[in-house]
Amino acid sequence: MKTNTKILKLCSNKIRNSTRNLTPEASELKTQYDAIVVGGGHNGLTAAAYLAKAGKKVCVLERRHVLGGAAVTEEIVPGFKFSRASYLLSLFRPQVMEDLKLKEHGLRYHIRDPSSFTPLRNSNKSLLIGHLDMKKNQEEIAQFSKKDAEEYPKYEHRMEEIVKSIEGLIDQEPFYLESDASKMEALKKLYSYYKI
Ligand SMILES: Cc1cc2nc3c(=O)[nH]c(=O)nc-3n(C[C@H](O)[C@H](O)[C@H](O)COP(=O)(O)OP(=O)(O)OC[C@H]3O[C@@H](n4cnc5c(N)ncnc54)[C@H](O)[C@@H]3O)c2cc1C
């Protein structure tokens with residue numbers, strides 16, 4: 001909750017600082033809303049939802065016909081829906097899901113197994129990787145390199161360790177590095193996360 005109050009404060013400050021020299025139309029909007037968020041991508045929508053949850057009247061302005069920014073799903077080919085860019089939820093903070101009751105609003109997520117298919121041009125080979133079953137990943141990689149296939153579990157383990165060590169940082173307030181003392185504090189905090 002402490003983090004979210006800070007997120008809210010940062011949003012409010014940003015909005016307050018960006019409302020100088022307004023046109024008449026913008027001034028009118030300002031009287032109707034406490035906050036105007038330009039861009040309905042997932043960051044804009046999240047900020048708007050937190051502000052609304054805190055009782056603010058919020059207006060989200062999106063220039064496209066659909067909300068979601070890079071995380072949008074669209075029917076590019078008739079009958080087929082695509083994630084246009086962003087589709088992984090690995091950075092989606094559980095606290096945000098909880099605060100905004102996203103599951104109650106219909107959020108569902110699916111584990112990808114396997115997660116990635118790489119066809120090769122001018123070849124019959126392809127790489128289907130990201131299986132939950134490590135053996136299958138190794139079999140796929142072995143088509144190209146037996147040595148890499150053997151090393152792959154070590155590589156995955158190393159990546160997991162790195163992720164674990166920095167994940168805690170994501171929910172933290174950004175460090176303010178204005179003085180040497182706050183730099184030292186930031187370094188100490190960082191050190192406690194980076195225990196690989
Ligand atoms: C190819 C690709 C793949 C990615 N894959 C992942 C992934 O799998 N998982 C992940 O977590 N992240 C992924 N990312 C990163 C993620 O997409 C971005 O971090 C995220 O989209 C940023 O969200 P945002 O709301 O800040 O901006 P955006 O998603 O870019 O949204 C900005 C919105 O603002 C609107 N807008 C801009 N200017 C104006 C204006 N003047 N007036 C009105 N509206 C405006 C735009 O139309 C858009 O809807 C990927 C990014 C790319 C490019």
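At what angle do helix α5 (residues 134-142) and helix α6 (residues 146-170) pack, and how far apart are their axes? The legends below take up this pair and further views of a predicted model, in which local features need pLDDT of at least 70, side-chain atom pairs count only at pLDDT 80 or more, and totals for chains, interfaces and linings use all residues. Residues are numbered from 1 along each chain as its sequence is written, and side-chain values use heavy atoms, with hydrogens and water left out.

**Figure 1. Packing of α5 and α6.** The two helices pack at an angle of about 145°, with their axes 7 Å apart. Axes are lines fitted to C-alpha atoms, for helices over the stretch in contact, and angles run from 0 to 180 degrees between N-to-C directions. The crossing of α5 past α6 is right-handed; a crossing is right-handed if the near helix is turned clockwise from the far one by less than a right angle, and left-handed if anticlockwise. Met134, Asn137, Gln138, Ile141 and Ala142 of α5 meet residues of α6 that include Lys146, Tyr152 and Glu156, where contact means heavy atoms within 4.5 Å. By class, six nonpolar, two polar and four charged residues form the contact of α5 with α6. Ala, Val, Leu, Ile, Met, Phe, Trp, Tyr, Cys and Pro count as nonpolar, Asp, Glu, Lys and Arg as charged, and the others, Gly among them, as polar.

**Figure 2. The two sides of α5.** Asn137, Glu140 and Ile141 are buried in α5, buried being under 20% relative accessible area, exposed over 50% and partly exposed in between (1.4 Å probe, protein chains only). These three residues cover an arc of only 95° around the axis, so they are on the same side of α5; the arc is that of the directions from the helix axis to the C-beta atoms. Lys135 and Glu139, on the other side of α5, are exposed. The buried residues of α5 pack against β6 (126-129) and α6.

Figure 3. Helix α3 (residues 42-53) has 12 residues and reaches 16 Å from its first C-alpha to its last, close to the 16 Å expected at 1.5 Å a residue; the expected span is 1.5 Å times one less than the number of residues. Gly44, Ala47, Ala48, Tyr50 and Leu51 are buried in α3. Their arc around the axis is only 165°, which puts them on the same side of α3. Gly55, which follows α3, has a positive phi near 90°.

**Figure 4. Backbone features in two loops.** The loop between α4 (94-99) and β5 (116-119) holds Pro114, and the peptide bond from Asp113 to Pro114 is cis, with omega near 5°. Lys101 is also found in the loop between α4 and β5. Its phi is near 50°, a positive value in a residue other than glycine, and Lys101 is partly exposed at 43% relative accessibility. In the loop between β5 and β6 lies Asn122, whose phi is positive at about 55° although Asn122 is not a glycine. At 80% relative accessibility, Asn122 is exposed.

**Figure 5. Overview of the protein.** The protein has seven helices and six strands. Helices (H or I, at least four residues) and strands (E, at least two) are DSSP runs, numbered from the N terminus. Buried residues make up 16% of the 196 residues.
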